[in-house]
Amino acid sequence: MSKVARNRYKLDVALAQCSAGLYDKAADTLVEVGTDAPQWVKHQALPGAIGKRLAAVSTARVRIIGELIGVPLVA
């Protein structure tokens, strides 16, 4: 599996984790994608959507995630 396909899959996993209420796991998966492909992830829409869902639940790690994916999630 190519790096792009693997990271796109991981974004789907993070979204599913978020939908299932596994917010810490979703945050971990999102950080994993962001560190593996920092330039790629900043041009994707899904990380921002996942990050906004996480921000609505917990702001503990959201500021770091927002910086990593290039989307301001917390003011």
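Mentor: Two packed helices are described by the angle between their axes and the distance between the axes. In this predicted model, α4 and α5 pack at an angle of about 170°, and their axes lie 10 Å apart. An angle over 145 degrees counts as roughly antiparallel, and α4 and α5 are therefore roughly antiparallel to each other.

Trainee: Which residues make the contact between α4 and α5?

Mentor: From α4 the contact takes P47, G48, G51, L54 and A55, and from α5 it takes V62, I65 and I69. By class, the residues of this contact are six nonpolar, two polar and no charged.

Trainee: Which residues of α5 are buried?

Mentor: Helix α5 covers residues 62–69, and its buried residues are V62, I65, G66 and I69. These residues span an arc of only 100° around the axis, which puts them on the same side of α5.

Trainee: Against which helices do the buried residues of α5 pack, and which exposed residues are carried by the face turned away from the buried side?

Mentor: The buried residues of α5 pack against α2 (23–36), α3 (38–41) and α4. The face turned away from them carries the exposed residues I64 and E67. After α5 comes G70, which has a positive phi, near 80°.

Trainee: Let us take another pair. At what angle do α1 and α4 pack?

Mentor: Helix α1 (residues 3–19) and helix α4 (residues 46–57) pack at about 20°, with 10 Å between their axes. Angles under 35 degrees count as roughly parallel, so α1 and α4 are roughly parallel to each other. The handedness of the pair is read separately: α1 and α4 cross in a left-handed sense.

Trainee: What residues make the contact of α1 with α4, and how do they divide by class?

Mentor: On α1 they are R8, L11, D12, A14, L15, C18 and S19, and on α4 they are L46, P47, I50, R53 and L54. Eight of the contact residues are nonpolar, one is polar and three are charged.

Trainee: How are α1 and α2 placed, parallel or antiparallel?

Mentor: Here the axes come within 8 Å and cross at roughly 160°. Helices α1 and α2 are therefore roughly antiparallel to each other. The crossing of α1 past α2 is left-handed. The contact is made by K3, R6, N7, K10, L11, V13, A14, Q17 and C18 of α1, together with Y23, K25, A26, T29, L30, E32, V33 and D36 of α2. By class, the contact has eight nonpolar, three polar and six charged residues.

Trainee: What is the relative accessible area of Q17, and which residues are in contact with Q17?

Mentor: Q17, also found in helix α1, has a relative accessible area of 16% and is buried. Leaving aside its neighbours within four places in sequence, Q17 is in contact with L22, Y23, K25, A26 and T29.

Trainee: How is Y23 classed by accessibility?

Mentor: Y23 lies in helix α2 and counts as partly exposed, at 32% relative accessibility. With neighbours within four places in sequence left aside, Y23 is in contact with Q17, C18, L54 and V57. Between Y23 and L54 there are 6.5 Å in space, C-alpha to C-alpha, and the two are 31 residues apart in sequence.

Methods. Residues numbered from 1 in each chain as written. Predicted model: local features only at pLDDT ≥ 70, side-chain atom pairs only at ≥ 80, totals over all residues. Heavy atoms only, no water. Axes fitted to C-alpha atoms, helices over the stretch in contact; angles between N-to-C directions. Helix = DSSP H or I, 4+ residues; strand = E, 2+ residues; numbered from the N terminus. Parallel < 35°, antiparallel > 145°, perpendicular 65-115°, else oblique. Left-handed = near helix turned anticlockwise from the far one by under 90°. Contact = heavy atoms within 4.5 Å. Nonpolar A, V, L, I, M, F, W, Y, C, P; charged D, E, K, R; others polar. Buried < 20%, exposed > 50% of the residue type's maximum accessible area, 1.4 Å probe, protein only. Arc of directions from axis to C-beta.
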